[in-house]
Amino acid sequence: MRRKRGGALAAIAMAGVLAMAGCAKDSGGDGNQAAGDGGGGEPGSCVTNEAPAAPENTQQEQTTEHGDVDASDLKIGLAFDVGGRGDASFNDAAAAGVDRAVEEFGAEKGNESPAAGSESEAAKEQRLRQMAEQGNNPIIAVGFAYAEAVRKVAPQYPDTEFALVDDNSVDAENVTPLVFAEEEGSFLAGVAAAYKTSECQVGFVGGVKTPLIKKFQAGFEQGVKAAGGDNIEVKSEYLTPAGDISGFNDPAKANVKSKSMISQGSDVLFHAAGASGQGVFEAAAANDALGIGVDSDQYKQKTLADVKDVIVTSMLKKVDVAVYDYVAAVAEGDPDDLPERFDLSVDGVGYSKSNPAIEDITDELEGYKKAIVDGDIEVSDTPQS
Amino acid sequence: MINWRTALLPPALAIVFAMLLSSVALLISGANPLDAFATMGAQLFHGNTAVSTVNLAIVYYLAGLAAAIGFQMNVFNIGVEGQYRFAAVVAAIVGGWMQLPPVLHVVAILVVAVASGALYALLPALLKVYRGVSEVITTIMLNSIVFGIVAFLINPEQFGVLHGNNLSTEEIAPSGRIPGIPLGEAGTLFGFVVIAAALGYGYWFMLNRTRFGFELKASGESKTAAAAGGVSARKMTLAAMLISGGVAGLVAMPELLGRDYVYAMTATQGYGFTGLAVALLGRNHPAGIAFGALLWAFLDRSAVSLESIGIPSEIATIMQGTIVLSVVVAYEIVRRADLAAEQRRVGRAGNGRPASVAEGGAV
């Protein structure tokens, strides 16, 4: 009879484990505690350093158009990172780039596969091989987690082009890295935060403490310091340690963390936390603080419509543009012509202007942007602390 | 004596039931179940999927063994997950730092892995034995803590190295790697398969041919009865937990020493939980666990194959879930059927009058 009992016991406990995993994400609730409202001046009063002069034509939008590219013989395979289409973050951005390329160049849409949360390295390799064998070309692997898989699979399919988003460590003929200067875009987010704070304290909420997210932190901190010197304090916090990717998908945790940062005096929060960002904005909305979005223009995102007024701007990481440009380049046969890094100078990163609340400081932001593009300001990609 | 019907019928029933249920799910989602099953079957003959299935099964087998050792003693070691990840990161760091001649290097890494796994199981074991704290609670907490430990250790300020945007440990030198078994086009089988098979045999031998194994099983069945026979339940719980942790320490070794040579921030997680399911499927029997591990790995691989014909990969997850649940139910049904048959047999032998105790009747 022990076997029977052991089995049932084990089954019950298994169910328990699954259930616990299932309810890890619970609602955050809205404890309305007032934001630290002691003292504080007007927005902009914390800025101590003058912004570099803005260029003459600030309103000029550079959009790349490849109107006459014919990519009808391409079949684009898209291997997503965890989350896949609909994550309102960079998987969606990559998908948007592919959709646009399909529409404009007549390329064929090939396979799309999202990665499972805890899949093994071999599953990623299998996915890429499968796509290559089904005639997908080019294949776009979204996320640096694919680096090892691409390194192994790409040499086996020399006639297939691979693009790897967020990683440039793979050195192969048919692999094109699509990497971004996250720290430069985040620098501008930092400048914006410095101009918008009235408490002289701002915060950064990182999803998972990985080297990639630390670039956002580094840029943000330098941007704040560039505008406000030592007059403005930056608090940086992460939701989970490296390896625990739940930090990118835990709005409740982000909400609690943001509330505590706000109650400690930060009144502008910049997040680089994927889907957790919603929690940051909700905390800001409930406590008279402001938020800065990440990756795409979050002011315009439908899922965030309720809290969009607090999203003063978003740091843009234009994965969609990079993917779109990449497909065009492959169609024209020269993917090596793409920028080595999508930075401010090629508008691979930037900030959004859709919220009117940013209008009063766009001159300053454009000034800093020009200074970075011209090389007068160098942005480091590792945090000071 | 093994009753083959009792042993093999339930898993077969469970698989059939899981197939039926996933067929329903497939039909609801508008896909053809036959296409799905054909694709799943065909993947084995395509490229290196068969070999990579076996490779994954080796990992699951080790995790299953680790869990099964605990089950034998009625210890529910959910901490296999934390133990293997802790052991993997420690072994990878030590292995990357060590300079030793070929075979010694591998042995040293394996010893470190087993020791670290056991060490990570020591705390819950001691708490259970001396304070009666449920190992389920403590190991779950330690699973959570391991995230922090791994993140800390593979930080460049400690022992980590930055590659692109990924963090990992130092690479283990060729002397510390276990060569694979090349199978040509089909890929490379982990050399660790030999060690895994030996462990499976060792597990069987320990349980069925040694005094220790007998005592372990005895106190798992009834602590008081075993204590009356002079077996210390405390000692057995401690031993089961530590051996379980030690074997868990090996879970990541096939991949670490046979393929990756580093332990990275993006390393796969969740093998420990799969191990629990695999041990349950295999009913703690070494051959059963091997079967469960292969089945589970096959279904995992199917998830990716199904994507290629546009079927959501969650179908594979549905099948895995149904199999685990239905295998427990099926064992119970078959057991009751056997019991009823036995009672009828005894009843017939007694010619209608109640059987005496000597004939197997109630006291």
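User: How many cavities of 30 Å³ or more does the structure hold?
Analyst: The predicted model has 1 cavity of 30 Å³ or more. The volume of the largest cavity is about 30 Å³.

User: OK, which residues line the largest cavity?
Analyst: Both chains show up in the list. From chain A you get Asn111(A), Ser113(A), Arg127(A), Gln130(A), Met131(A) and Gln134(A), and from chain B there are Glu307(B) and Ser308(B).

User: And which elements give two or more residues to that lining?
Analyst: Strand S2 (108-115) and helix H3 (121-133) of chain A do, together with helix H13 (286-308) of chain B. H3(A) gives the most, with 3 residues.

User: What's the lining of the largest cavity like by class: nonpolar, polar, charged?
Analyst: There are 5 polar residues, 2 charged and 1 nonpolar.

User: Before I go on, what confidence scores come with this?
Analyst: The predictor gives the complex an ipTM of 0.81 and a pTM of 0.84. Chain B averages a pLDDT of 89, and 95% of its residues score at least 70.

User: Good to know. Switching to rings: how many aromatic pairs are there over all chains?
Analyst: The count over all chains is 13 aromatic pairs. One of them is Phe86(B) with Tyr120(B): the ring centres are 4.7 Å apart and the planes are at 20°, so the pair is stacked.

User: Where do Phe86(B) and Tyr120(B) lie in chain B?
Analyst: Phe86(B) is in helix H4 (residues 80-97) and Tyr120(B) is in helix H5 (residues 102-131), so the pair ties together parts that are 34 residues apart in sequence.

User: Is Phe86(B) buried or exposed? And what about Tyr120(B)?
Analyst: Phe86(B) is buried, with a relative accessible area of 13%. Tyr120(B) counts as buried too, at 8% relative accessibility.

User: Which residues do ring pairs link into a cluster in chain A?
Analyst: That cluster is made of Phe204(A), Phe220(A), Tyr238(A) and Phe270(A).

User: What about arginines over rings?
Analyst: I can give you two in chain B. Arg85(B) lies over the face of Phe147(B), 4.8 Å from the ring centre. Arg177(B) has its charged end over the ring of Tyr261(B), at 3.7 Å from the centre.

User: Where is Tyr261(B) in chain B?
Analyst: Tyr261(B) is in the loop between helix H11 (253-260) and helix H12 (271-281). Its backbone stands out as well: Tyr261(B) has a positive phi of about 65° although it is not a glycine.

User: Last one: where is Tyr195(A)?
Analyst: Tyr195(A) is in helix H5 (residues 182-196) of chain A, and Tyr195(A) is buried, with a relative accessible area of 11%. Tyr195(A) and Leu269(A) are 74 residues apart in sequence and 13 Å apart in space, C-alpha to C-alpha.

Conventions. Residues are numbered from 1 along each chain as its sequence is written. Chains are lettered from A and ligands numbered from 1 in the order in which they are written. This is a predicted model: local features need pLDDT of at least 70, side-chain atom pairs count only at pLDDT 80 or more; totals for chains, interfaces and linings use all residues. Side-chain values use heavy atoms; hydrogens and water are left out. pLDDT is the predictor's confidence in each residue, from 0 to 100. Rings of Phe, Tyr and Trp (its six-membered ring) pair if their centres lie within 6.5 Å; planes under 30 degrees apart count as stacked, over 60 as edge-to-face and the rest as tilted. Helices (H or I, at least four residues) and strands (E, at least two) are DSSP runs, numbered from the N terminus. Buried means under 20% relative accessible area, exposed over 50%, partly exposed in between (1.4 Å probe, protein chains only). A charge sits over a ring if NZ of Lys or CZ of Arg is within 6 Å of the ring centre and within 35 degrees of the ring normal. On a 1 Å grid over the protein atoms alone, a cavity is a set of points where a 1.4 Å probe fits but cannot get out, and a pocket is an open set with protein on both sides within 12 Å along at least five of seven lines; lining residues have an atom within 4 Å of a point. Grid points are joined across faces, edges and corners, and a volume is the space filled by probe spheres set on the points. Ala, Val, Leu, Ile, Met, Phe, Trp, Tyr, Cys and Pro count as nonpolar, Asp, Glu, Lys and Arg as charged, and the others, Gly among them, as polar.
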